[in-house]
Amino acid sequence: MHQPNSGEAVSFENQFKLHFKLLCAVAFYIVNDEDAARDIVQDFFLYCWKKRHHIQITHDFKRYAVRAIRNASLNYIKKSSKTTLEEVGVIEQLSKNFPGEELEQDDQRNKALWEAISRLPEQRRKIFLLSNQDDLKYKDIAVKLDISINTVKTQIKLALLFLRRECSWMVKVMACLFFFKQW
């Protein structure tokens, strides 16, 4: 795989590690099924590996991958027959505005998310950030803060509920990333 305009080859494994969670979030946003989302992303990377000598990416890999996952997810929904054609059309329209494709709006989204996180109660915010920013597992957070694992679970749940109200679509993506982190 080659990252255009970078001047150097980027390993396939690095691309996988760098983009796997985001791409799973994109797929989950559309198919609303964690296992299916993971399968779609893994199939995409398998396809990329098999076609690595033939794929020509004219922009950056992330943008290419997000669009490919979006399309693969929509195809999954169409083939699964779990939804009507009208629902697929609505999902397709909504997914055109998926945040992963609009990179220039990332700063505004991040600002809104951090503002919402800053409004969490102090202990809840600390637990939430240890989990999502520092990538600590529930058990590690409980040990570090000298609290029970159930308290950690409850505080994470309450933080996600609050953030869902504050930033509806962003929390879905963040929760998906959190679940894939645990995988």
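At what angle do helix α1 and α3 pack, and how far apart are their axes? I shall answer that after a brief introduction.

Good morning, colleagues. This is a predicted model, in which local features need pLDDT of at least 70 and side-chain atom pairs count only at pLDDT 80 or more, while totals for chains, interfaces and linings use all residues. Residues are numbered from 1 along each chain as its sequence is written, and side-chain values use heavy atoms, with hydrogens and water left out.

The chain has 9 helices and 0 strands; helices are DSSP runs of H or I with at least four residues, strands are runs of E with at least two, and both are numbered from the N terminus. Of the 183 residues in the chain, 38% are buried. Here buried means under 20% relative accessible area, exposed means over 50%, and partly exposed lies in between, with a 1.4 Å probe and protein chains only.

Let us return to the opening question. Helix α1, residues 12–31, packs with α3 at an angle of about 35°, and their axes are 9 Å apart. Axes are lines fitted to C-alpha atoms, for helices over the stretch in contact, and angles run from 0 to 180 degrees between N-to-C directions. On the α1 side, the contact includes His19, Leu22 and Val26, and on the α3 side it includes Phe61, Lys62 and Ile69; contact means heavy atoms within 4.5 Å. The contact residues divide into 13 nonpolar, 3 polar and 2 charged. In this scheme Ala, Val, Leu, Ile, Met, Phe, Trp, Tyr, Cys and Pro are nonpolar, Asp, Glu, Lys and Arg are charged, and the others, Gly among them, are polar.

Consider next two individual residues. Histidine 19, in helix α1, has a relative accessible area of 7% and is therefore buried. Beyond its neighbours within four places in sequence, histidine 19 is in contact with Phe45, Phe61 and Lys62. Asparagine 71 belongs to helix α3 and is partly exposed, at 35% relative accessible area. The C-alpha atom of asparagine 71 is separated by 9.2 Å from that of alanine 27, although the two residues are 44 residues apart along the chain.

Among the buried residues of α3 are Phe61, Ala65, Ile69 and Ser73. As background, an α-helix has 3.6 residues a turn, so residues three or four places apart point the same way.

Finally, the cysteines. Cysteine 24 counts as buried because its relative accessibility is 0%, and cysteine 48 is buried with a relative accessible area of 0%. A search of the whole structure finds 0 disulfides, a disulfide being a pair of cysteine sulfur atoms within 2.5 Å.
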